[in-house]
Amino acid sequence: MRLQHSLFLMGPLLVGALSGCGQGVEEPTSEPLATVESPVVSTSGLTPHFRTWLTANGYDSYDFARADLVGGSHGGKASATDTVVNTPVIFIHGNSDKAVGTGTAGQSGWNASIEYFLANGYKPSELYATTWGPADVMQTAVQYHSKTNVMKVRKFIEAVKAYTGATKVDIITHSMGVTLARKAIMGGAANDSANGGAYNVGPALTGSVDTFVGIAGANLGLTSCYQTGPSTPTCGSTNGLYPGYLYFGVVLGRSAYLDDLRSLSNYEGDYRYTIYSTADEIIGYGGIVYGQYTSRIPGQTGEKVYSAYPYGHFNSKDLTAAVQYSMVRNHTIP
């Protein structure tokens with residue numbers, strides 16, 4: 001039963017071992033998940049107005065609406081007269097999660113954040129989310145930074161910006177969604193040997209993003225992937241979360257995808273924030289990968305760090321809506 005619970009919690013990152021290798025090992029603690037409650041955010045998906053626009057502008061193949069899933073998407077104007085005033089916010093979830101949570105463990109979605117933003121001056125036409133993966137915990141270990149996932153996130157960002165007519169967008173991400181969105185914004189060359197090989201994401205979207213928030217990401221990889229080795233797509237050494245190995249004080253063999261993200265800095269947006277917990281039960285080991293906090297983003301503007309229960313992997317997202325709001329709205333850290 002403990003393993004089953006862990007698999008659900010691993011949704012944002014990987015299936016398998018929950019701890020890493022190194023010092024400061026702590027026994028993972030369970031956190032109260034909002035997923036056991038009824039959703040407070042609409043699960044009706046994208047509005048008909050947005051769906052019509054997506055079809056008219058050639059986005060049907062990306063299936064942003066995800067009508068196959070309850071809670072598969074969120075956002076859109078009620079009609080052409082629904083004006084967008086606030087900078088649109090795009091929420092990118094983690095592995096095995098989905099846009100709007102509907103009561104399944106490990107799939108709390110962005111309910112808490114959307115509800116908070118709605119209560120503080122935003123409209124549904126200013127808050128967007130789509131489900132980029134299968135939302136199936138049994139497929140967690142085979143999810144990776146694939147061409148399909150990267151380009152779905154990329155095209156969703158482009159679509160929301162064009163649809164709303166906004167000069168810039170804000171992007172709030174969680175777990176694997178952090179590293180997917182960073183590449184989607186970074187653009188440039190990429191490779192997915194399982195899906196056609198080399199491809200180009202497109203030009204950088206840096207100028208299109210005001211604020212980027214990365215929550216509980218694994219930007220340096222996961223030490224738990226070091227324990228298991230690059231044996232699953234999620235922990236892969238090409239497009240996965242493999243952290244590499246330490247050789248005479250030097251990290252070698254880190255995932256090529258993660259090294260690509262680290263080759264530049266300050267490209268995620270005008271303001272770049274991270275939120276994470278050193279008590280994260282998924283990342284483990286105090287959030288440290290070879291002496292550095294894996295959830296930090298190089299060149300970040302600032303961070304909000306928690307160190308104890310109830311702030312774990314999911315609650316760093318579900319209990320920090322006010323912090324996320326302050327970051328994107330005021331560019332401050334409460």
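## A charge over a ring

In this predicted model, the charged end of K317 sits over the ring of W110, 5.5 Å from its centre. A charge counts as sitting over a ring if NZ of Lys or CZ of Arg is within 6 Å of the ring centre and within 35 degrees of the ring normal. K77 is placed in this way too: it lies over the face of Y163, at 5.2 Å from the ring centre.

Since the model is predicted, local features need pLDDT of at least 70 and side-chain atom pairs count only at pLDDT 80 or more, while totals for chains, interfaces and linings use all residues.

## Salt bridges

K317 also has a charged partner, for its side chain meets that of D318 in a salt bridge (2.8 Å, N to O). The term stands for a side-chain nitrogen of Lys or Arg within 4 Å of a carboxyl oxygen of Asp or Glu. Are these two residues buried or exposed? D318 is buried at 9% relative accessibility, and K317 is buried with a relative accessible area of 1%. Here buried means under 20% relative accessible area, exposed means over 50%, and partly exposed is in between (1.4 Å probe, protein chains only).

K155 is partly exposed at 21% relative accessibility, and E158 is partly exposed at 22%. Another salt bridge links E268 with R182, whose closest N and O atoms are 2.9 Å apart. E268 lies in the loop between helix 7 (256–262) and strand 11, while R182 lies in helix 5 (residues 176–186), so the pair ties together parts that are 86 residues apart in sequence. Both E268 and R182 are buried.

## The sheet

Now for the strands. Helices (H or I, at least four residues) and strands (E, at least two) are DSSP runs, numbered from the N terminus. Eight strands form an open sheet with mixed pairing, in the order 1-2-4-3-5-8-11-14; two strands pair if DSSP finds at least two bridges between them. Which strands stand at the edges? They are strand 1 (45–46) and strand 14 (302–306); each has a single partner strand, so one side of each is left without a neighbour in the sheet.

Strand 11 (residues 271–277) runs parallel to strand 14, and five bridges join them; in this pairing Y276 stands opposite V305. Helix 4 (residues 147–164) packs on the sheet and touches strand 3 (89–92), strand 4 (127–130) and strand 5 (169–174). Touching here means contact, with heavy atoms within 4.5 Å. The direction of helix 4 makes about 155 degrees with that of strand 4; axes are lines fitted to C-alpha atoms, for helices over the stretch in contact, and angles run from 0 to 180 degrees between N-to-C directions.

Strand 8 (residues 209–215) has seven of its seven residues buried, so it is largely enclosed by the rest of the structure. Five bridges join strand 8 to strand 5, and these strands run parallel; I172 stands opposite V213 in strand 8. Strand 8 also runs parallel to strand 11, again with five bridges, and T211 stands opposite Y271 in strand 11.

## Aromatic pairs

How many aromatic pairs does the structure hold? There are 20. Rings of Phe, Tyr and Trp (its six-membered ring) pair if their centres lie within 6.5 Å; planes under 30 degrees apart count as stacked, over 60 as edge-to-face and the rest as tilted. The rings of Y59 and Y62 have centres 6.4 Å apart and planes at 50 degrees, so this pair is tilted. Y59 is buried at 14%, whereas Y62 is partly exposed at 25%.

F91 and F117 form an edge-to-face pair, 5.9 Å centre to centre with 90 degrees between the planes. This pair links distant parts of the chain, with F91 in strand 3 and F117 in helix 3 (residues 111–119), 26 residues apart. F91 is buried at 0% relative accessibility, and F117 is buried with a relative accessible area of 0%. Ring pairs also link F50, W53, Y59, Y62, F64, Y128, F156 and Y163 into a cluster.

Conventions: Residues numbered from 1 in each chain as written. Heavy atoms only, no water.
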